[in-house]
Amino acid sequence: MSSRTTEDFREAVRRHPFLEGLDPAFLDAMVRLGVERRFRVDEHLAREGAPANVLYILLDGKVALEVGAADHPALTVQTVGAGEVLGWSWLVAPYRWRFDARAVKPVHAVEIEGGALRRLLSEHPDWGYQFLLRFLPVLAERLENTRIQLLDIHAR
Amino acid sequence: MLADVAPDPTSSAAAGHPLAPLPYRVRAVATETADTTTLTIEPRSTRSVPAPAPGQFVMLYAFGVGESPIGVSAHRADGTLVHTVRNVGKVTSALARLTPGDTVGVRGPYGRGWPLQEARGQDLVIVAGGLGLPPLRPVLYEVFENRDRYGRVEVIYGARTPKDLIYYEELQSWRRRSDLRIQVTVDAAGRDWYGDVGVVTTRLPDVRFDGSRTSAFICGPEIMMRLTAQAVVARGVRPEATWVSMERNMKCAVALCGHCQFGPTFVCRDGPVLSYRALEPFLAVKEV
Ligand SMILES: Cc1cc2nc3c(=O)[nH]c(=O)nc-3n(C[C@H](O)[C@H](O)[C@H](O)COP(=O)(O)OP(=O)(O)OC[C@H]3O[C@@H](n4cnc5c(N)ncnc54)[C@H](O)[C@@H]3O)c2cc1C
């Protein structure tokens with residue numbers, strides 16, 4: 001982790017709901033890989049189709065996940081914010097973002113380089129397993145929310 | 001609907017009839033969304049219906065068309081009533097066409113509203129989906145008037161898109177208040193929306209309350225109420241302190257016709273506000 005990173009920042013990362021309670025050695029290794037990032041409103045954290053090589057751990061702010069096409073205006077299908085993580089495309093080939101991610105409130109985040117994280121997880125399979133146990137519920141919840149959206153719960 | 005039961009309130013035969021609506025004058029009509037209108041009505045004579053409790057409904061009678069159960073979204077001591085109506089069919093489209101000066105019939109109020117007495121001293125979690133907000137608005141007014149009666153008050157309001165949000169200006173003023181927290185979310189939005197996107201249940205993890213001493217009030221489409229009730233119960237709110245308002249279609253409003261029966265429950269008499277404890281076995285059933 002870069003020298004400008006304060007102990008406060010490291011502490012905020014350790015207390016992040018996604019990471020809290022992980023094996024301390026694993027947590028330290030993740031914190032060492034992390035880089036502090038800030039995004040202004042309307043700045044992009046990810047572009048659909050672009051190489052996906054980071055995981056964001058969101059400490060503050062809000063990010064809109066958008067899908068769109070050339071002939072269709074961008075549609076926000078979900079927002080994520082403090083206490084959540086963003087990005088799973090770095091984990092599995094072909095390592096490309098599946099959506100646009102745009103800050104809709106100033107974002108404070110930890111960015112972890114995907115390649116380094118993949119190496120860390122495969123060198124320490126027990127950490128890799130812990131990590132997947134954290135990550136799967138996030139994916140499952142997003143899938144369930146998408147299903148609920150499809151039900152169109154506001155239809156009468 | 002009830003055109004065959006409810007006599008025209010302008011006729012003398014109406015006087016004294018138990019189902020006779022009282023004539024009200026439309027004072028104001030406000031467009032909320034493409035299909036939703038808010039009507040402010042006041043008694044035409046010295047007679048008005050008794051003051052409704054938060055969550056109760058009235059039967060609104062569109063002359064020559066029929067009547068529909070409609071929740072009360074505000075009322076004043078002078079007898080003024082405020083209703084927000086979504087135009088879905090025969091009666092509601094007639095109500096949506098009303099203009100200031102027109103007459104509408106009112107009978108009621110009916111049903112059991114939100115159990116505010118039982119909720120005293122507790123945290124309140126209020127979740128509204130779409131047109132579920134109007135019947136919950138009187139609860140917010142009660143909270144503002146008697147703030148010390150309740151603990152933390154958390155409100156989540158969800159709509160399909162930003163265009164479907166109702167009471168937009170009032171929402172802004174509620175968001176500036178420090179005595180409650182309101183989160184507004186939509187299912188999908190364009191780039192001009194900087195708020196939350198996601199179904200109402202996605203906002204719940206952010207809500208702070210003490211489950212063992214919390215009352216949850218939920219109103220919206222049935223699927224939304226079921227999922228939200230399950231989620232708040234999973235967070236420790238007792239099923240008997242989790243309340244939903246069932247807007248099952250009804251005709252007579254006085255537990256005679258059976259139109260609104262839901263299992264053993266008559267929505268018009270026992271509800272519309274019912275506990276999740278009582279409803280849980282039926283809410284998952286597609287047709288009761
Ligand atoms: C206790 C209670 C409170 C209500 N409060 C409000 C309110 O504040 N504002 C509001 O706009 N509506 C409210 N409703 C719903 C409203 O009563 C109905 O939308 C209305 O009766 C439909 O009548 P219509 O003649 O316009 O439609 P119809 O021509 O009779 O029907 C049109 C379509 O709407 C459907 N429909 C009819 N009634 C309902 C219903 N209750 N729920 C879902 N779908 C229905 C029909 O199945 C049909 O598909 C409430 C209902 C109840 C039971």
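**Reading the two chains**

Modeller: Strands (E, at least two residues) and helices (H or I, at least four) are DSSP runs, numbered from the N terminus. This is a predicted model, in which local features need pLDDT of at least 70 and side-chain atom pairs count only at pLDDT 80 or more, while totals for chains, interfaces and linings use all residues. Residues are numbered from 1 along each chain as its sequence is written, chains are lettered from A and ligands numbered from 1 in the order in which they are written, and side-chain values use heavy atoms, with hydrogens and water left out.

Biologist: Which residues does the cis peptide bond at Pro109(B) join?

Modeller: That cis bond joins Gly108(B) and Pro109(B), with omega about -5°. In chain A, a cis peptide bond joins Ala93(A) and Pro94(A), and omega there is about 10°. Pro94(A) belongs to the loop between strand 5 (85–86) and strand 6 (100–113) of chain A.

Biologist: Where does Tyr95(A) lie, and what is its phi?

Modeller: Tyr95(A) lies in the loop between strand 5 and strand 6 of chain A. Its phi is positive, about 55°, although the residue is not a glycine.

Biologist: Is Tyr167(B) buried or exposed?

Modeller: Buried means under 20% relative accessible area, exposed over 50%, and partly exposed in between (1.4 Å probe, protein chains only). Tyr167(B) is buried, at a relative accessible area of 4%, whereas Tyr95(A) is partly exposed at 31%. Tyr167(B) also has a positive phi, near 50°, and is not a glycine; its place is the loop between strand 9 (153–159) and helix 4 (168–175) of chain B.

Biologist: How many helices and strands does chain A have?

Modeller: Chain A has four helices and six strands, in the order α-α-β-β-β-β-β-β-α-α along the sequence. The radius of gyration, taken over C-alpha atoms, is compared with a globule rule of 2.2 Å times the number of residues to the power 0.38. For chain A the radius is 16 Å, close to the 15 Å that the rule gives for 156 residues, so the chain is as compact as a globular protein of that length. Buried residues make up 45% of the 156.

Biologist: What is the corresponding account of chain B?

Modeller: Chain B has seven helices and 16 strands. Its radius of gyration is 19 Å, close to the 19 Å from the rule for 288 residues, so chain B is as compact as a globular protein of that length. Of those 288 residues, 57% are buried. Along the principal axes, the C-alpha atoms fill a box of roughly 55 × 45 × 35 Å.

Biologist: What pLDDT does chain B average?

Modeller: pLDDT is the predictor's confidence in each residue, from 0 to 100. Chain B averages 88, and 90% of its residues score at least 70. Over residues 1–5 of chain B the pLDDT is below 50, and this stretch has 18 contacts (heavy atoms within 4.5 Å) beyond near neighbours in sequence in the model. Residues 9–15 of chain B also have a pLDDT below 50, with nine such contacts.

Biologist: What ipTM and pTM does the predictor give the complex?

Modeller: The predictor gives the complex an ipTM of 0.80 and a pTM of 0.86.
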